[in-house]
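Please find below some notes on the attached model.

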Amino acid sequence: MENQKEKFASDTSGRTAKDWAAALLALLIGLTVAHLGVTMFLLSEMGTDTFTVFIQGLAVRAGFTVGTVHVIVLCILMAVMLLTTKGYVKPGTVVCAFCGGPIIDFFTWLLGNYINGDAPMVVRAVSVVAGCVILSAGMSVVINSNAGTGPNDLVAVILSDKIEKIEFRWIRIACDLFFVVLGFLLGGTVGVGTIVAVCLTGPLVQFWLPVTRKLVKAAGVR
């Protein structure tokens, strides 16, 4: 982020079909990179990501599967944001909500034999930190595509725009911490990797945003 805080909301009404195609392609690339990071993080078996802790807790209380609760919560978040905000929920938001799972499944198949709970601790620790770095880089590409962001990530994005005096990284940390604490109280699982994610994701996304903004613009995304 630069010295003067920029808002994430943007008007995309003037985009042509070609512009949207370029933006959605950038989003898919960013989403793939982000979920490579998520997969590395999860395969380390040192804790789930912050939002999943919340979903796990809700699943325990509701008696549903984690996958079912995940879809329900994302749909509720999208509906609420669509009705209460303007310029945030876009076509890419739906893509992010429903394409993440298959991407994680693919990378799990690809990397599962190399990164797992039986791997040396140094491999698992590096996987957690590298996963956070890669996840944050991919997330920044998704945000800079201006094609939509995952519903759970939009929480911090929207709050960052509303609370102008606080940088995005601190708001993201607060949101992640909120999900973790609430999820833990509901019965979700928290590990060392979860705490690492709370501390690193927000600052790393803020670091990557200006870097990937230049790359996205250079790729012709308007």
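1. Basis. The model is predicted, so local features need pLDDT of at least 70 and side-chain atom pairs count only at pLDDT 80 or more, while totals for chains, interfaces and linings use all residues. Residues are numbered from 1 along each chain as its sequence is written, and side-chain values use heavy atoms, with hydrogens and water left out.

2. Helix 1 and helix 5. Helix 1 (residues 17-43) packs against helix 5 (residues 121-144) at about 165°, and their axes are 7 Å apart. Helices here are DSSP runs (H or I, at least four residues), numbered from the N terminus; axes are lines fitted to C-alpha atoms over the stretch in contact, with angles from 0 to 180 degrees between N-to-C directions. The pair is therefore roughly antiparallel (angles over 145 degrees). Their crossing is left-handed, that is, the near helix is turned anticlockwise from the far one by less than a right angle.

3. Residues of that contact. Among those on the helix 1 side are Gly-30, Ala-34, Gly-37 and Phe-41, and helix 5 contributes residues including Ser-127, Gly-131, Leu-135 and Gly-138. Contact means heavy atoms within 4.5 Å. The contact residues comprise 17 nonpolar, five polar and no charged; Ala, Val, Leu, Ile, Met, Phe, Trp, Tyr, Cys and Pro count as nonpolar, Asp, Glu, Lys and Arg as charged, and the others, Gly among them, as polar.

4. Helix 6 and helix 7. The angle between helix 6 (residues 151-162) and helix 7 (residues 168-186) is about 135°, with 9 Å between the axes. The crossing of helix 6 and helix 7 is right-handed, the clockwise case. By class, the contact has eight nonpolar, one polar and two charged residues.

5. Nonpolar cores. A core is a set of buried Ala, Val, Leu, Ile, Met, Phe, Trp, Tyr and Cys residues joined through side-chain atoms within 4.5 Å. The largest one has 31 residues, and Phe-51, Phe-54, Val-73, Ile-143 and Val-157 have the most contacts inside it. Helix 3 (66-84) is one of the helices that each supply at least two residues to this core, and helix 3 gives the most, with six. Beyond four places in sequence, Val-73 touches Phe-51, Phe-54, Ile-55 and Leu-58. A second, separate core of 13 residues includes Ala-26, Leu-27, Val-142 and Val-216.

6. Val-205. This residue lies in helix 8 and is buried at 0% relative accessibility (buried is under 20% relative accessible area, exposed over 50%, partly exposed in between; 1.4 Å probe, protein chains only). Its contacts beyond four places in sequence are Ser-136, Met-139, Ser-140, Ile-143 and Phe-168.

7. Positive phi. Most residues other than glycine have a negative phi. Glu-45, not a glycine, has a positive phi of about 55°; Glu-45 sits in the loop between helix 1 and helix 2 and is exposed at 53% relative accessible area. Asn-146 has a positive phi near 55°, in the loop between helix 5 and helix 6, and is partly exposed at 25%.

Note on methods:
Parallel < 35°, antiparallel > 145°, perpendicular 65-115°, else oblique.
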